[in-house]
Amino acid sequence: MAILHTINKSPFHVSTMNSCLLICSNLDSVILIADGVLGAIHSSPLALKIEQLSASGTRFYALQSDAIARGVVEKLLPNISLASYADFVRLSVECNQIQSWF
Amino acid sequence: MLFSLVILSAPYSNQSSMTAFEFAKTLLSEGHKIHRIFFYSDGIHNATSLSAPPQDEINLPVEWQQLSIKENIDLVVCVAAALRRGLLNDEEAKRYAKPAVNLLDNFEISGLGQLLEAAVVSDRLITFGA
Amino acid sequence: MKKILFISRHAPYGNSYAREALDALLAASAYDQNLSLLFMDDGVFQLLPNQNPTFIHQKNMAASLQALELYGIENIYCLSSSLIERGLNQTDLILENIKLIDTITTNSLISQQDQLISF
């Protein structure tokens, strides 16, 4: 894995996540945290982009405690894996760089 | 691995600093080490000695302090960001003739060089922004 | 020597990120590391000429960015699609030695770094 991207904004609110996905490569991983998990639901304006990137190899995660907090666990897109904080730490160790989008 | 964290957001008004705190705790429980936590921009508000949240809410400045004591972590607050926002240690309060000191113990006020040093020395640097 | 990329994504004046990114970068220049700066998204608005923040009581961001050269910061990049989205051209920008890069090159630039400092 090359870059770990973290996104904490909802794509319904600002274009932060859109900007991240434009830069993202098939080697990268994306973890959605805080309001960023809202970008991972079925109705996300970036659902198609997530599907395309996922098919190319990009791995997508949503921080579990944030998805649970917001009541969206059942609404998540199929290519999104729920991640614990331990998973978040593991991803940040496995990557080469961490780019935070906020 | 050796990590440093950069925190740019104030506690309470944004979830980011709490996310950072949970991340920091998990780093340690997973066996990693933290070189420095650098508080910049609105992140300096994590270092106040004056936070008094309701009893059933987390007092994040105190949580950072406790973590620092328990795990011997360097908590550094950027001096320029702190002064602008009214967070002062004893030295700065005297220098600017201000009526109070409000930097929480175990936090240290220093310059932006500490951010760069953290980037150079650490294996991983992660930013938590607002 | 480490490769450290500062990424500046916010417009000047509305919040303090643009200013704080620059302050951090200028402070870092004293430490003999391989520093780069990338402007993207609304960060490209920092590069507009004719800024005059007098009436909002702030320091001029464009004038401050001219210091980059004096501090020896030469690796300055700008994401071209961020300019296009905002109706800006390279000729509009205040820094002459800025390298325009596309999204793929941006990913590549980020992948070459030892650390990222994101604003």
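Predicted model: local features only at pLDDT ≥ 70, side-chain atom pairs only at ≥ 80, totals over all residues.
## Interface of chain B and chain C

The contact between these two chains joins 18 residues of chain B to 18 residues of chain C. About 1500 Å² is buried between chain B and chain C, and carbon and sulfur atoms account for 59% of that area. On the side of chain B, the residues that lose the most area to chain C are B:Tyr40, B:Leu116 and B:Val120, which together make up 32% of what that side buries.

Polar features are also present at this interface. The rule finds 10 residue pairs in polar contact across the interface of chain B and chain C, both residues being at pLDDT 80 or more. Three elements of chain B each give two or more residues to the side that touches chain C: helix 3 (79-85), helix 5 (113-121) and strand 5 (124-128). Of these, helix 5 of chain B gives the most, with 5 residues. The count of salt bridges between chain B and chain C is 1. That salt bridge is formed by C:Glu20 and B:Arg85, with the closest N and O atoms 2.9 Å apart.

## Salt bridges

Side chains of opposite charge can pair when their charged atoms come close. Over all chains, a search of the whole structure finds 16 salt bridges.

| Pair | N to O distance |
|---|---|
| C:Glu20 and B:Arg85 | 2.9 Å |
| A:Asp87 and A:Arg90 | 3.6 Å |
| B:Glu117 and B:Arg36 | 2.7 Å |
| C:Arg9 and C:Asp41 | 2.8 Å |

In chain A, A:Asp87 and A:Arg90 both belong to helix 4 (residues 85-94), where they are 3 residues apart, about one turn of the helix. A:Asp87 counts as partly exposed because its relative accessibility is 23%. A:Arg90 is likewise partly exposed, with a relative accessible area of 34%.

In chain B, the side chains of B:Glu117 and B:Arg36 meet in a salt bridge. This pair links distant parts of the chain, with B:Glu117 in helix 5 and B:Arg36 in strand 2 (residues 33-39), 81 residues apart. B:Glu117 is partly exposed, with a relative accessible area of 27%, whereas B:Arg36 is buried, with a value of 6%.

In chain C, a salt bridge joins the side chains of C:Arg9 and C:Asp41. Here too the pair links distant parts of the chain: C:Arg9 lies in the loop between strand 1 (3-8) and helix 1 (17-28), and C:Asp41 lies in the loop between strand 2 (34-39) and helix 2 (61-65), 32 residues apart. Both C:Arg9 and C:Asp41 are buried.

Chain A also holds a network of salt bridges that links A:Asp35, A:Asp66 and A:Arg70.

## A surface patch and a buried threonine

A:Ile68, A:Val73 and A:Leu82 make a nonpolar surface patch of about 220 Å². A:Leu82 counts as partly exposed because its relative accessibility is 33%.

B:Thr26 is placed in helix 1 (residues 16-29) of chain B. With a relative accessible area of 12%, B:Thr26 falls under the 20% limit and is therefore buried. Neighbours within four places in sequence aside, B:Thr26 is in contact with A:Tyr85, A:Ala86 and A:Val89.

Methods. Residues numbered from 1 in each chain as written. Chains lettered and ligands numbered in written order. Heavy atoms only, no water. Patch = residues over 30% accessible without salt bridge, like charges linked within 9 Å, V, L, I, M, F, W, Y side chains within 5 Å. Areas by Shrake-Rupley, 256 points an atom, 1.4 Å probe, with all protein chains shown as cover. Salt bridge = Lys/Arg side-chain N within 4 Å of Asp/Glu carboxyl O. Buried < 20%, exposed > 50% of the residue type's maximum accessible area, 1.4 Å probe, protein only. Contact = heavy atoms within 4.5 Å. Buried area = accessible area lost by both parts, 1.4 Å probe. Polar contact = N/O pair within 3.5 Å; in protein donor to acceptor, adjacent residues only side chain to side chain. Helix = DSSP H or I, 4+ residues; strand = E, 2+ residues; numbered from the N terminus.
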